[in-house]
Every structure is written in C-alpha cells, then in structure tokens.
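Work through the exercises below with the sequence and the model open. Each task is followed by a solution in steps.

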Amino acid sequence: MTEQRTTSGEKLITLDNHLRHRSDCDAGLAAILNEIAFAGKIIQNKVRRARIADVVGAVENVNVQGEQQQKLDVFSNAVLIDCLSNCAAVGVIASEEEEQALILERRKGDGEYGVLFDPLDGSSNIDFAVGVGTIFSILRNVGVDASTQAAILQPGTQQVAAGYILYGSSVLLVLTLGDGVDMYVLDPATGSFLLVQEKVSIPTAKKIYSINEAYRNDFPKGYQDYLDFAHASGYAARYIGSMVADVHRTLLKGGVFLYPPTKKNPQGKLRLLYEANPMAQIIEQAGGKALVGKTRLLEVKPEKVHQRTAVILGSSQEVDAVARHL
Ligand code: P6P
C-alpha cells in the first residue's frame with residue numbers, strides 16, 4: 001500500500017492525471033472512468049443534501065428487481081446513463097434499474113466498451129444517512145448484434161476495470177484496472193478525486209465476519225457451522241447492510257463478507273454482473289478471495305443480466321475458513 005506524498009504535503013494527483021499516466025488505460029477507458037467519477041460528484045451532491053433536496057423515500061413504481069425504487073435510485077441511474085451516453089467509447093449500458101441492456105448508436109470503431117452498474121446500492125439506507133454507493137464494472141463490448149445481451153454476459157475475469165464510489169463520511173472512489181487497487185478521495189475544495197493510496201492490499205486474516213445473521217436458520221448448514229465456528233473463535237460481527245460500505249471496511253480492515261443462499265433468495269440476493277463481480281475483482285486485486293460456494297466467483301458464466309448470486313469475499317484466510325465448513 002503506497003501513500004501519495006508531495007513536497008507541499010498536499011495530495012496533488014487527480015484521477016484524470018493518474019489515469020493519463022497509466023499504460024493499461026486507453027483514452028476510451030479513461031474517458032469512461034472520468035464520466036463515472038463526474039456522475040459520482042453529481043450523485044454525492046444529492047446524497048449529501050437528501051432531505052434538503054427532498055430525495056429521500058421511494059417513488060411509486062417498482063424496478064425490474066421487483067423492489068420499490070428510491071427517489072435517488074431513479075436520479076442516480078439517470079445521471080449515469082446521461083454521462084455515459086456522452087462517451088463515444090461506451091457501446092452498451094446495463095443497469096440494475098433497467099430491464100434490458102441499452103445499446104448506444106455509435107460510429108464504427110467507437111462503442112468498444114460495455115458499462116454495467118448498480119447506480120445507488122443500499123439506497124434504502126439514504127433515509128438514515130448510512131453510507132451508500134455506486135458499483136461499476138467495465139467489459140470489452142464483444143460486438144453488438146441481435147443477441148446484444150451477449151455483449152455483457154461475460155464472466156468477471158473479463159472485466160477491464162471495476163470499482164465503486166462510496167458516499168460515506170467522505171466520498172471515495174476505489175478502482176482496479178487489473179493491476180492492483182487504487183483509492184481516491186473527493187476533495188470538496190477542488191471538486192477533484194485525489195489519489196490517496198496505490199496498491200491497496202487486504203489483510204490476509206482478521207476475525208471479523210459480516211453477514212445478516214437474522215437469516216441464519218435459512219442458510220445452508222455449512223454456513224451455520226461456520227457461524228458456530230466464528231462464535232467459538234472470538235470473531236467480531238460487523239454488518240451495515242449496505243454492500244459498498246461492508247465491502248470497503250472488509251477491504252481496509254480485513255475479515256469476510258458473506259451473503260449466503262436463503263429461502264427468499266435461493267441463488268443469493270446480490271447481483272452477479274454489477275455487484276458481486278466488480279467487488280470480487282477489487283478484493284482479488286487487493287490479494288483477497290471471492291467465492292460462490294467453493295467456486296471462484298469471477299469464473300461464473302452469467303446467463304442473465306440481473307442474475308443473482310451468493311457471495312463470500314474478503315481476506316484469503318477468512319474466506320478459506322468459510323469454505324472449510326461448506
Ligand atoms: P439484507 C442493499 O439492499 C443490498 O442490495 C446490499 O447493499 C446489501 O449488502 C444487502 O442488500 C443487504 O441485504 O437482506 O441484509 O437487508
């Protein structure tokens with residue numbers, strides 16, 4: 001983990017500057033990441049002023065997931081689609097809030113990437129001022145044709161970039177391009193995301209587990225056996241109920257985040273393409289592990305855009321401890 005230092009003591013490397021100096025980030029990808037960061041600045045301004053701007057609470061309609069949409073879900077989704085539609089490198093957009101992938105009209109040679117996102121994960125927590133976030137995954141657009149969904153139904157190993165923006169006590173952008181994890185903080189004074197750490201690494205072990213134990217009786221027996229092990233081994237429990245916040249804590253402090261299969265969600269609750277895969281990529285790039293059952297999560301071949309999955313991710317030794325009980 002490398003802290004950024006300068007002679008002035010100020011953090012002076014912006015996201016845009018940092019991306020321009022990376023050989024693994026072409027102009028199209030850099031433009032997309034800057035658009036996502038820009039959308040994050042617009043969204044955080046609303047999140048910060050939720051009750052003032054009258055954007056707490058739900059709207060009438062229900063989204064494709066069958067969940068009541070929060071006002072900020074609708075706003076965040078629209079902002080991300082507007083920003084990414086301005087980007088010639090984006091050919092396909094998939095969102096938790098859109099039933100089908102959106103295919104953008106692009107000149108030949110443009111539209112080389114697909115961008116998938118959960119615009120505001122954990123949005124129901126907005127009403128209580130709890131950290132929420134935007135989660136994104138970027139794939140190469142394998143070619144738009146009649147089966148346009150195929151352009152994004154790729155395993156997580158194919159992600160060219162992945163990350164999240166956490167709207168917490170500070171606004172953080174955590175990003176991987178497949179060569180380690182970098183963390184940026186939004187500086188309110190300049191409106192820039194400033195690089196604060198390169199090569200973020202997750203501790204290999206930490207006795208913290210993060211799970212909604214209310215569903216314990218619904219979990220498969222192996223997960224119940226793991227919880228008995230954790231209770232007998234002096235583990236602490238931490239669960240915010242907002243994936244971006246729980247995963248960010250796990251990334252920096254260590255531990256394991258789990259969402260097992262339940263009776264209500266036998267495949268697991270979290271979405272594979274735009275929640276589990278980007279988080280799994282971040283955790284693996286930071287030296288951790290991400291499984292579904294005993295299978296590497298990033299190798300799951302998606303069948304549907306809004307496919308759900310169970311998730312076990314975090315410190316390598318802690319993920320192994322869960323897997324030993326399954
Ligand atoms: P539960 C938020 O609704 C979310 O999609 C994730 O952010 C979070 O990890 C999970 O659901 C919480 O689910 O069933 O524990 O409330």
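Helices (H or I, at least four residues) and strands (E, at least two) are DSSP runs, numbered from the N terminus. The model is predicted, so local features need pLDDT of at least 70 and side-chain atom pairs count only at pLDDT 80 or more, while totals for chains, interfaces and linings use all residues. Residues are numbered from 1 along each chain as its sequence is written, and side-chain values use heavy atoms, with hydrogens and water left out.

**Exercise 1. Describe the cover of helix 6 (residues 272-285).**

Step 1. Gly 287, which follows helix 6, has a positive phi near 100°.

**Exercise 2. Describe the surroundings of the ligand.**

Step 1. A residue is near a molecule or strand if one of its heavy atoms lies within 4 Å of it. The residues around the ligand are Asp 121, Gly 122, Asn 212, Tyr 215, Tyr 239, Gly 241, Ser 242, Met 243, Phe 257, Tyr 259, Lys 269 and Leu 270.
Step 2. Ala, Val, Leu, Ile, Met, Phe, Trp, Tyr, Cys and Pro count as nonpolar, Asp, Glu, Lys and Arg as charged, and the others, Gly among them, as polar. By these classes the shell holds six nonpolar, four polar and two charged residues.
Step 3. A polar contact is a pair of N or O atoms within 3.5 Å; within protein, one must be able to donate a hydrogen and the other to accept it, and residues adjacent in sequence count only if both atoms are side-chain atoms. A ligand oxygen atom lies 2.6 Å from an N or O atom in the side chain of Tyr 259. For the side chain of Lys 269, the distance from an N or O atom to an oxygen atom of the ligand is 3.0 Å. Met 243 has a backbone N or O atom 2.8 Å from an oxygen atom of the ligand.
Step 4. On its own the ligand has 400 Å² of accessible area, of which the protein covers 83%. Accessible areas come from the Shrake-Rupley method with a 1.4 Å probe; for residues, only the protein chains shown count as cover.

**Exercise 3. Which side chain makes a polar contact with the side chain of Ser 95?**

Step 1. Ser 95 is in strand 4 (residues 90-95).
Step 2. Ser 95 counts as buried because its relative accessibility is 0%.
Step 3. The side chain of Asn 77 is the partner, at 2.6 Å.
Step 4. A polar atom of the Ser 95 side chain also lies 2.9 Å from the backbone nitrogen of Glu 97.

**Exercise 4. Describe Ala 129 and Lys 199.**

Step 1. Ala 129, in the loop between strand 6 (113-121) and strand 7 (132-140), has a positive phi near 60° without being a glycine.
Step 2. Ala 129 is exposed because its relative accessible area is 75%.
Step 3. Lys 199, in the loop between strand 11 (192-198) and strand 12 (208-210), has a positive phi of about 50° and is not a glycine.
Step 4. Lys 199 counts as partly exposed because its relative accessibility is 40%.

Conventions:
Buried means under 20% relative accessible area, exposed over 50%, partly exposed in between (1.4 Å probe, protein chains only).
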